[in-house]
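Please look over the following protein model with its packing and its charged pairs in mind. The report below takes these topics in turn and ends with the confidence of the prediction.

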Amino acid sequence: MSAPAIGAAATPVENQITVSWTGITPTPGSYAIERADGACGSEGPYRPLGATVGPATSFTDTSRAGGFDYSYRVIAAADGAGRVPGEGRKRMRQRHRHG
């Protein structure tokens with residue numbers, strides 16, 4: 001199984017970010033999303049944030065706070081709850097500061 005490739009990140013509304021990625025084949029049961037405080041390369045430990053179902057290729061983080069750097073990681077998982085990570089792990093940095 002290959003790793004999902006993280007693509008663009010968007011901020012649909014204040015204090016939210018939508019992370020998107022390219023799905024992999026075969027389609028996993030879910031994708032697990034993890035978040036760490038800090039920019040890529042200096043981030044802290046990753047913590048589970050949520051999961052998507054099967055072919056979904058985006059996730060909206062509604063628990064982030066403006067003015068902080070976060071790193072995200074998307075993991076192909078074997079079950080629908082995102083509990084059994086596959087081999088592939090990718091990460092991205094999203095930085096968003098408010099006024």
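Which residues make up the largest nonpolar core? The largest nonpolar core has 11 residues, namely Ile 17, Val 19, Trp 21, Ile 24, Tyr 31, Ile 33, Phe 59, Tyr 70, Tyr 72, Val 74 and Ala 76. Strand S2 (17-22), S3 and S6 are the elements that each give two or more residues to this core, and the largest share, four residues, comes from S6. Here a nonpolar core is a set of buried Ala, Val, Leu, Ile, Met, Phe, Trp, Tyr and Cys residues joined through side-chain atoms within 4.5 Å; buried stands for a relative accessible area under 20%, exposed for over 50%, and partly exposed for values in between, with a 1.4 Å probe and protein chains only. In soluble globular proteins, nonpolar side chains tend to be buried together.

This is a predicted model, in which local features need pLDDT of at least 70 and side-chain atom pairs count only at pLDDT 80 or more, while totals for chains, interfaces and linings use all residues. Residues are numbered from 1 along each chain as its sequence is written, and side-chain values use heavy atoms, with hydrogens and water left out.

Strands are DSSP runs of E with at least two residues, helices are runs of H or I with at least four, and both are numbered from the N terminus. S3 is mostly covered, since seven of its eight residues are buried. Two strands are taken to pair if DSSP finds at least two bridges between them. S3 pairs with S4 in the antiparallel sense over six bridges, and in this pairing Ile 33 stands opposite Gly 50 of S4. S3 and S6 also run antiparallel, joined by eight bridges, with Arg 35 standing opposite Tyr 72 in S6.

**Salt bridges**

A search of the whole structure finds three salt bridges, each being a side-chain nitrogen of Lys or Arg within 4 Å of a carboxyl oxygen of Asp or Glu.

| Pair | N to O distance |
|---|---|
| Arg 73 and Glu 34 | 2.6 Å |
| Asp 61 and Arg 35 | 2.8 Å |
| Asp 37 and Arg 47 | 3.3 Å |

Arg 73 and Glu 34 meet in a salt bridge through their side chains, and this pair links distant parts of the chain, with Arg 73 in strand S6 (residues 68-77) and Glu 34 in strand S3 (residues 30-37), 39 residues apart. Both Arg 73 and Glu 34 are buried.

Asp 61 forms its salt bridge with Arg 35, and here strand S5 (residues 58-61), which holds Asp 61, is linked to S3, which holds Arg 35, across 26 residues. Asp 61 is buried because its relative accessible area is 1%, and Arg 35 is buried because its value is 13%.

Are Asp 37 and Arg 47 buried or partly exposed? Asp 37 is partly exposed because its relative accessible area is 43%, and Arg 47 is likewise partly exposed, with a value of 37%.

**Confidence**

The protein averages a pLDDT (the predictor's confidence in each residue, from 0 to 100) of 75, and 74% of the residues score at least 70. Confidence is lowest in S7, at a mean of 44, and highest in S5, at 92. Over residues 84-99 pLDDT stays under 50. Where pLDDT is low, the predicted coordinates should not be read in detail.

Note on methods
Contact means heavy atoms within 4.5 Å.
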